[in-house]
Amino acid sequence: MAETAIRNPPSPLLVLTGIGGLYVAQSVIGGVTWAGLPAIMRSEGVPLDQIGYVSLIALPWALKFLWSPWVERYRLPPRGKNRSAEIVATGGLISIVGMLLVGSLTPSEAFPLLACLTVVAFAASTVDIACDGFAVQTLSKAQHGWGNAAQVGGAYLGSAIGGGLFLYLVGAFGWSQASWTIAAILLLLGLPFLFGAARNLPEETRQHVPSLGAPLRRPELRRGLLVSAIFVIAQKTALGMIGPFLVDSGFDVATIGLLNGVGSLFVGLAAALLGGLCVRLWGVRLVLALSLLVQAAFLALFSLAGFTKLLPESLLVVAAIGSSSGIMAFGFVALYAQFMRWSDPRQAGIDFTLFQCMDALVSILGGILAGQIANAFGYGIFFASAAALALVAAPAIAASARPENALAS
């Protein structure tokens with residue numbers, strides 16, 4: 001890691017501002033895709049089984065480990081300047097053009113829309129590889145906490161914009177104007193990195209060649225991938241159906257957008273901070289298991305609402321914000337802390353990418369399955385099954401994660 005550290009790096013404030021903007025931009029795209037799009041498609045009458053295919057847009061995030069070594073080798077040539085800016089500029093331009101094209105389509109054109117957003121996801125996931133690598137190189141160990149805060153805070157701010165503001169704009173001004181506004185926001189968010197953090201980087205000579213084979217040969221990392229899969233499928237499988245359920249329960253897309261925005265911006269940030277504190281106090285395993293148990297309770301409420309239609313709207317609002325923003329942030333702070341501890345410091349970027357890809361792959365498969373089950377059996381059975389899955393996964397996660405005395409930093 002010292003071998004590839006940037007000599008005379010830009011100031012920490014420039015770096016944090018630059019990478020923070022990129023993390024926000026990536027989460028804006030994710031918010032539009034996974035929080036906003038399902039609700040809008042349902043309001044246009046798209047069947048639930050087709051909405052389930054929205055999860056396929058996460059495919060590039062699931063597979064980016066395949067091209068991460070090539071991205072790193074291009075970004076860090078044997079001799080020359082760090083090329084992070086070139087990768088970010090190219091990926092950002094593709095994302096902006098993609099959102100402009102999205103605005104020319106309609107939400108009912110499901111498969112052209114999914115194809116376009118998949119290209120955007122490919123560009124954004126590639127930018128993420130470069131952004132993570134740049135952050136590790138340029139921030140000292142003492143500043144890594146601030147970098148993590150930029151990542152987590154950027155994720156929830158981006159989700160508030162993509163899943164909240166976007167839906168509000170769709171309800172107020174229409175699909176096209178909302179999509180084009182998101183394109184403009186992406187442009188603005190990329191400028192601090194391109195004209196601040198990544199400017200005037202020095203010429204360097206590098207010897208390390210990034211490798212994908214080494215982490216895959218480590219038994220500890222393979223076990224970590226299994227733990228990741230169990231946690232993600234139990235925690236996230238039902239989330240893609242919450243928006244459609246709220247639409248079918250009488251909520252309009254502008255209201256759902258407001259809920260997503262408030263949840264991400266306030267509840268999500270607060271839960272992430274609480275999760276970090278609880279990890280320090282109680283350890284990773286307990287926080288992971290607790291988050292699954294609380295998620296099971298929220299999903300049980302949705303199941304009851306699906307069967308009886310008697311739950312008040314206020315309780316549905318609490319359950320929606322709690323499950324999709326609050327407990328998600330609480331649990332994933334612990335999961336990502338575990339990812340860092342399982343990663344080899346000599347090439348943590350590639351190791352961490354592998355964990356992220358497992359997260360995305362399981363999310364895709366779970367999302368597709370969720371759409372099929374909800375469409376075939378109804379919301380009540382679907383959410384009841386998801387709650388049972390979270391309950392079963394909680395003790396499995398507690399048993400599988402590394403003992404607490406080995407988790408110390």
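**Close-up views of a predicted model**

**View 1. A salt bridge joins R218 and E220.** R218 forms a salt bridge with E220, and the closest N and O atoms of the two are 3.2 Å apart; a salt bridge here is a side-chain nitrogen of Lys or Arg within 4 Å of a carboxyl oxygen of Asp or Glu. The structure is a predicted model, in which local features need pLDDT of at least 70 and side-chain atom pairs count only at pLDDT 80 or more, while totals for chains, interfaces and linings use all residues. Residues are numbered from 1 along each chain as its sequence is written, and side-chain values use heavy atoms, with hydrogens and water left out. R218 is buried, with a relative accessible area of 19%, whereas E220 is partly exposed, with a relative accessible area of 28% (buried means under 20% relative accessible area, exposed over 50%, and partly exposed in between, with a 1.4 Å probe and protein chains only). R218 and E220 also belong, together with D351, to a network of salt bridges. By this rule the salt bridges come to six.

**View 2. K236 and D359 form a salt bridge.** The closest N and O atoms of K236 and D359 are 3.0 Å apart. This pair links distant parts of the chain, with K236 in helix α10 (residues 219–236) and D359 in helix α15 (residues 348–377), 123 residues apart; helices (H or I, at least four residues) are DSSP runs, numbered from the N terminus. K236 is partly exposed, with a relative accessible area of 25%, while D359, at 6% relative accessibility, counts as buried.

**View 3. Helix α4 (residues 68–75) has buried residues.** These buried residues are S68, P69, V71, E72 and R75. Seen down the axis of α4, they fall within an arc of 160°, so they line one face of the helix, where the arc is that of the directions from the helix axis to the C-beta atoms. Two of these residues, E72 and R75, form a salt bridge in which the closest N and O atoms are 2.7 Å apart. Because E72 and R75 are three residues apart in helix α4, about one helical turn separates them.

**View 4. F302 is a member of the largest nonpolar core.** This core has 107 residues, of which L37, I182, F302 and F383 touch the most other members; a nonpolar core is a set of buried Ala, Val, Leu, Ile, Met, Phe, Trp, Tyr and Cys residues joined through side-chain atoms within 4.5 Å. Helix α14 (residues 313–342) gives the most to this core, with 13 residues. Not counting residues up to four places away in sequence, F302 touches I242, F245, L316, A319, A320, S323 and F383, where contact means heavy atoms within 4.5 Å.

**View 5. L186 is buried in the model.** L186 is found in helix α8 (residues 175–197), and its relative accessible area is 8%. Leaving aside its neighbours within four places in sequence, L186 is in contact with A25, V28, I29, S95, I96 and M99. The C-alpha atoms of L186 and Q207 are separated by 35 Å, although these residues are 21 residues apart along the chain.

Methods:
Helices (H or I, at least four residues) and strands (E, at least two) are DSSP runs, numbered from the N terminus.
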